[in-house]
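Visitor: Please show me the protein, and then let us go through it by question and answer.

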Amino acid sequence: MKQIATEIPVELKVGKVLKILLLENSYYITNFEGLKIIEASSCWLQDISPRKLRSLKQFGFTGETQSIIYKSKIGYFKKEARPFDEWVAIWTYFALMGNTKAAEILRFLTIQNLESRLKDSVVPSAAMR
């Protein structure tokens, strides 16, 4: 039996929510959601030219997808999704192409990651003075 992912809404800023799918301790984002959050065409991933693909690969893009069944507030769905690191590569590409929404998401995720890492770190007592 195939496992069912859990949809987790993550508020990036007021009014901007990214829906993450958690499956077996891995994070995925549906193709629709990953492109919608940066206001890109929902069919962009279907029409990647060889030139765009070369650029994407420079940022770690592999093209990996997985068909995932997940539960949301309104029911069960089955959609194509990509691992989170694939989306970082896609958003980086878009940011470098001038998409400010993609740059904003990367900025937010970077700041949140640093804050989380700092909270989890042991701060030497000398630094507290």
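The questions below move from the whole chain to single residues.

Visitor: What kind of model is this, and how are its residues numbered?
Guide: This is a predicted model, in which local features need pLDDT of at least 70, side-chain atom pairs count only at pLDDT 80 or more, and totals for chains, interfaces and linings use all residues. Side-chain values use heavy atoms, with hydrogens and water left out, and residues are numbered from 1 along each chain as its sequence is written.

Visitor: In what order do the elements of the protein run from the N terminus on?
Guide: Helices (H or I, at least four residues) and strands (E, at least two) are DSSP runs, numbered from the N terminus. The protein has four helices and five strands. From the N terminus on, their order is β-β-β-α-α-β-β-α-α.

Visitor: What percentage of the residues of the protein count as buried?
Guide: Buried means under 20% relative accessible area, exposed over 50%, and partly exposed in between, with a 1.4 Å probe and protein chains only. The protein has 129 residues, and the share that counts as buried is 29%.

Visitor: Which residue forms a salt bridge with Glu33?
Guide: A salt bridge requires a side-chain nitrogen of Lys or Arg within 4 Å of a carboxyl oxygen of Asp or Glu, and the structure holds one. Glu33 is buried, because its relative accessibility is 4%. With the closest N and O atoms 3.6 Å apart, the partner is Lys36.

Visitor: How far from Glu86 is the nearest side chain of opposite charge?
Guide: Side chains of opposite charge can pair when their charged atoms come close. Lys and Arg count as positive and Asp and Glu as negative, while His and the chain ends are not counted. Glu86, in helix H3, is buried yet has no salt bridge. The nearest side chain of opposite charge is that of Arg82, at 4.4 Å.

Visitor: Which residue has its backbone nitrogen 2.8 Å from a polar atom of the Glu86 side chain?
Guide: Contact means heavy atoms within 4.5 Å. Not counting residues up to four places away in sequence, Glu86 touches Gly60, Phe61, Thr62, Gly63 and Glu64. The backbone nitrogen at 2.8 Å from a polar atom of the Glu86 side chain belongs to Gly63.

Visitor: With which side chain does the side chain of Tyr28 make a polar contact?
Guide: Tyr28 is found in strand E3 (residues 26–30) and counts as buried because its relative accessible area is 9%. Leaving aside neighbours within four places in sequence, its contacts include Leu21, Ile68 and Phe84. A polar contact is a pair of N or O atoms within 3.5 Å; within protein, one must be able to donate a hydrogen and the other to accept it, and residues adjacent in sequence count only if both atoms are side-chain atoms. At 3.1 Å, the side chain in question is that of Gln66.

Visitor: Is Met97 buried or exposed?
Guide: Met97 is found in the loop between helix H3 (84–96) and helix H4 (100–120). Because its relative accessibility is 57%, Met97 counts as exposed.

Visitor: How far apart in space are Lys101 and Gly15, C-alpha to C-alpha?
Guide: Lys101 lies in helix H4 and is in contact with Lys16, Ile37, Ile38 and Glu39, leaving aside its neighbours within four places in sequence. Lys101 and Gly15 are 86 residues apart in sequence, and their C-alpha distance is 13 Å.
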